[in-house]
2 protein chains.
Amino acid sequence: MTAAFPALRGVGEDTATARQILDRCRALVRPALAQAVERLHPWPAEMAAYSFGWCEVGGTPTEVTGGKGVRQALAVLCAEAAGAPGEAAVAGAVAVELVHTFSLLHDDIMDGDPTRRARPTVWKAYGTGPAVLVGDALFALAVETLATVPGARGPLAVRHLAAALGDLVRGQADDLLFASRPWTGPEAVRPDEYRSMAEHKTGALLGCAAALGAALAGAPDDTVAALDRAGRHMGVAFQVVDDLLGIWGDPGVTGKPVHGDLRQRKKTLPVLAALNASGPATESLATLLGLPDTPDDATARRAAELIEQAGGRAAALEEAHRHIAAVEACLDSVSPAPRPAEELRTLLAFLVRRDM
Amino acid sequence: MTAAFPALRGVGEDTATARQILDRCRALVRPALAQAVERLHPWPAEMAAYSFGWCEVGGTPTEVTGGKGVRQALAVLCAEAAGAPGEAAVAGAVAVELVHTFSLLHDDIMDGDPTRRARPTVWKAYGTGPAVLVGDALFALAVETLATVPGARGPLAVRHLAAALGDLVRGQADDLLFASRPWTGPEAVRPDEYRSMAEHKTGALLGCAAALGAALAGAPDDTVAALDRAGRHMGVAFQVVDDLLGIWGDPGVTGKPVHGDLRQRKKTLPVLAALNASGPATESLATLLGLPDTPDDATARRAAELIEQAGGRAAALEEAHRHIAAVEACLDSVSPAPRPAEELRTLLAFLVRRDM
């Protein structure tokens with residue numbers, strides 16, 4: 001499937017390089033992030049440390065790897081792209097990582113997901129009430145982190161964060177509602193609704209991370225806005241690739257079950273695009289998805305074939321390409337410093353080709 | 001029990017006056033609050049309207065009375081006390097009402113409370129996941145409301161809100177943990193821990209409301225700080241009176257069951273103060289509370305008697321008085337405009353003598 005991303009050929013082929021970039025940014029942000037978490041009440045602080053992968057339930061330190069830290073890296077690299085040292089972005093990087101973790105915590109409650117990164121989710125490990133609480137604590141801490149940045153850049157950063165928070169909730173509301181909407185008919189989810197959901201749910205915080213990095217570095221408003229758009233496109237591209245992997249990804253690489261998203265009846269872009277087409281494959285797919293039973297292996301495999309025949313896979317790939325091209329155009333438009341520009345491209349390639 | 005509040009005699013005796021003040025402030029703030037809620041995604045917007053008492057499940061408008069609106073009134077009156085028109089406080093009033101509703105929504109999930117103001121709580125009516133979501137939406141909206149206030153007052157307001165949000169979560173964490181701590185021994189909850197919890201959980205947002213009103217009115221920093229302290233003391237006084245009503249309140253007036261807090265084994269100040277004393281009543285109370293069974297009517301009545309004999313009721317009353325006196329001292333220290341000062345005193349009297 002790598003060949004399906006020709007636009008990325010020769011760009012950041014080396015996953016090891018991407019991991020080095022992520023590691024460098026994580027090392028830069030980690031002390032401030034840890035200090036912020038330590039300011040919490042000890043109980044939510046432990047739950048927060050657990051969800052960052054820093055400790056086990058009970059507080060024993062662990063070597064478990066947390067998330068990739070894409071958002072903090074984006075903030076740091078965008079400050080550097082604007083000509084400032086990465087340190088300028090640290091408060092922004094801390095805030096976006098706090099918000100990201102808050103949203104994972106609360107989303108896991110809403111979606112009833114029992115595991116994340118091969119460990120019990122916080123609500124499973126500590127209970128629903130405590131998981132609601134620690135999410136709130138991280139949310140408040142993120143706002144406080146930016147509200148106390150001195151000078152005019154603090155208020156600017158808070159405005160960016162507030163806008164992203166609103167979008168995040170909007171996207172999650174749509175995503176939750178999609179589950180109860182039909183596959184076909186006037187109430188069906190349209191691909192453009194999906195796009196809007198993905199931009200809000202995934203794009204807004206990546207855009208915010210990029211914008212915060214640039215804003216805290218003192219970049220001009222149009223640079224901040226362009227990097228915000230770059231991050232948003234990156235988020236949608238990431239989400240679409242995630243959808244493709246959820247159907248056709250190699251379980252040995254992704255760690256997810258074959259056709260997992262189809263068996264869970266998730267309304268992802270390849271399916272919605274296939275249903276939005278016309279022809280016999282679309283009709284057969286609609287009939288198959290209309291069956292009341294949870295799809296078994298054979299049904300899921302057949303659905304994947306029909307989605308591909310109806311053009312859903314190609315449409316999603318094309319969508320991902322479009323957003324990747326938009327990211328590159330946004331980056332080019334701000335004439336970023338060369339090294340961070342290269343690293344941002346490496347990160348993008350890693351994000352949209354990860355595990356493929 | 002009215003006679004137990006001699007410091008308040010002759011001050012704002014008229015509950016009707018307090019209700020008029022609350023109504024005036026509600027009318028001033030309501031349009032902006034409604035506009036803010038309308039900016040939400042329609043689904044959380046309906047749940048928010050339900051929790052404000054504006055509609056039933058499904059969206060049908062209702063005449064149900066929501067909360068008293070004490071926080072918005074405090075913001076408006078403190079702006080007026082600082083010499084500005086109440087309109088100056090509106091963004092702050094909206095923000096504190098949004099945060100208050102967010103915290104009720106999430107607290108009801110954490111505490112498993114099925115009803116609030118004689119209606120199903122949001123998690124009961126709409127589900128836990130949606131209730132988590134709408135809480136987050138209100139939280140984000142509160143931050144956005146203040147982040148977009150123009151000029152230097154917006155950032156100042158955001159800093160006040162961020163600090164209160166942190167305190168709120170801290171207080172809720174302590175309150176949840178109190179439930180699993182023992183009545184006696186080294187791990188028992190001490191009265192000073194209770195005071196700190198009440199200041200964080202209830203006082204911080206009332207203090208924030210008062211501070212926001214003054215800050216948005218352009219009051220000097222020391223006035224803002226004094227009104228913040230006034231609000232915090234008001235919150236603790238309110239909480240302690242709530243505790244007294246939870247044990248000795250008239251169920252016909254409070255709408256709560258006789259000895260309700262005792263039967264629910266809540267760690268309230270009268271009990272903690274009684275256990276912190278010494279003597280035979282304290283010892284008998286400790287023995288009674290140490291029994292494993294849920295207290296029946298007779299046991300709860302006996303516990304209430306022992307708490308009174310051990311001085312817990314008097315200690316709590318004395319604590320409430322101390323905070324009421326502190327509120328008045330803080331108010332006096334800022335030389336407020338006469339009419340709002342009188343109205344703030346009426347509101348205070350209403351709050352600490354409500355339903356008695």
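In this predicted model, chain A and chain B bury an area of about 2,700 Å² between them, and carbon and sulfur atoms give 82% of that area. On the side of chain A, the residues that lose the most area to chain B are A:His41, A:Leu133 and A:Val169, which together account for 18% of what that side buries. The contact draws on 32 residues from chain A and 32 residues from chain B. Because 100% of the interface residues of chain A are also interface residues in chain B, the copies meet through the same surface.

The elements of chain A that give two or more residues to the side touching chain B are helix 2 (42-51), helix 4 (90-111), helix 6 (128-147) and helix 7 (153-178). Helix 7 of chain A gives the most to that side, with 13 residues.

Chain A is superposed on chain B by a rotation of 180 degrees with 0.0 Å of shift along its axis, at an RMSD of 0.0 Å. The two copies are thus related as by a two-fold rotation axis. The residue of chain A that comes closest to the rotation axis is A:Pro155, whose C-alpha is at 2.7 Å.

Helix 4 of chain B covers residues 90-111 and has 22 residues. From its first C-alpha to its last, helix 4 of chain B reaches 31 Å, close to the 32 Å expected at 1.5 Å a residue. This helix is mostly covered, with 20 of its 22 residues buried. B:Gly112 follows helix 4 of chain B and has a positive phi, near 70 degrees.

Over all chains, the structure holds 48 salt bridges.

| Side chains | N to O distance |
|---|---|
| B:Arg116 and B:Asp108 | 2.8 Å |
| B:Arg232 and B:Asp167 | 2.7 Å |
| B:Arg232 and B:Glu199 | 2.8 Å |

In the salt bridge between B:Arg116 and B:Asp108, the partners fall into separate accessibility classes: B:Arg116 counts as partly exposed at 31% relative accessibility, whereas B:Asp108 is buried, with a relative accessible area of 4%.

B:Arg232 forms a salt bridge with B:Asp167. B:Arg232 lies in helix 9 (residues 221-248) of chain B and B:Asp167 in helix 7 (residues 153-178) of chain B, so this pair ties together parts that are 65 residues apart in sequence. Both B:Arg232 and B:Asp167 are buried. For B:Arg232 the relative accessible area is 17%, which is why it counts as buried, the cut-off being under 20%.

The side chain of B:Arg232 also meets that of B:Glu199 in a salt bridge. B:Glu199 lies in helix 8 (residues 191-216) of chain B and B:Arg232 in helix 9, so the pair ties together parts that are 33 residues apart in sequence. B:Glu199 is partly exposed, with a relative accessible area of 31%.

In chain A, a network of salt bridges links A:Asp167, A:Arg170, A:Glu199, A:Asp228 and A:Arg232.

How values were computed:
Residues numbered from 1 in each chain as written. Chains lettered and ligands numbered in written order. Predicted model: local features only at pLDDT ≥ 70, side-chain atom pairs only at ≥ 80, totals over all residues. Heavy atoms only, no water. Helix = DSSP H or I, 4+ residues; strand = E, 2+ residues; numbered from the N terminus. Expected span 1.5 Å × (residues − 1). Buried < 20%, exposed > 50% of the residue type's maximum accessible area, 1.4 Å probe, protein only. Least-squares fit on C-alpha atoms with pLDDT ≥ 70 in both. Contact = heavy atoms within 4.5 Å. Buried area = accessible area lost by both parts, 1.4 Å probe. Salt bridge = Lys/Arg side-chain N within 4 Å of Asp/Glu carboxyl O.
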